[in-house]
Amino acid sequence: MNVLKVVNFRYLTEDCLQEILNLRNSDRVRMNMANKDKICFEEHLNFCRSLFDRKDLLYFAVYVNDSLEGVIDFKSIDFILKKYESGSYFIERSQYNISYYANLAGFLIAKSLGLTKVSCYVNKENLAAMLLNTCKLKYKIVFEDPVYYYLEKDLSDESVSNNKVRTTLEKKFHVEFLL
């Protein structure tokens, strides 16, 4: 069985962080990000080191069988209001439909932290991300501007119960978390 591993950036080596930066700086990923600038390795390392002291940000590398498939992140974490903003980016042609499964794993992490409300924004030109978030992950569109759709999801909903999400993940993967 394939192994899906979700690893907090704080446990990654510089080589792993370089691989993530290469993916993040790829033209395909950058064109869908709010910050479309390329990031240098030193800036990336400084940001990753800052994560050790931050309570409002979490970043996770997503691997399948020890091969990098992408990144999921939690931004603007508010433990009082139990909410966060989700983001992600992935390799171009994953054979595992990883964007769906990685986001499900992210829901489990969020719920384990007591977070129940998730929001995200998606570039209107990124049809694949819109279909993933609205059709498969069941986010609701709550607002739009000329560039982005803004979406929200309630993780306390029964459709996102830990048992259902874990069962869905475990049909395809052995799942490991290094949080």
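Which pattern does the protein follow when read along the sequence? The answer is β-α-α-α-β-β-β-α-β-α-β-β-α-β, built from six helices and eight strands; helices (H or I, at least four residues) and strands (E, at least two) are DSSP runs, numbered from the N terminus. The radius of gyration, taken over C-alpha atoms, is 15 Å, close to the 16 Å that the globule rule (2.2 Å times the number of residues to the power 0.38) gives for 179 residues, so the protein is as compact as a globular protein of that length.

A word on what you are looking at: this is a predicted model, in which local features need pLDDT of at least 70 and side-chain atom pairs count only at pLDDT 80 or more, while totals for chains, interfaces and linings use all residues. Residues are numbered from 1 along each chain as its sequence is written, and side-chain values use heavy atoms, with hydrogens and water left out.

Now let's turn to the overall form. Along its principal axes, the C-alpha trace spans about 45 × 40 × 35 Å. Of contacts (heavy atoms within 4.5 Å) between residues at least 6 apart in sequence, 62% join residues at least 24 apart.
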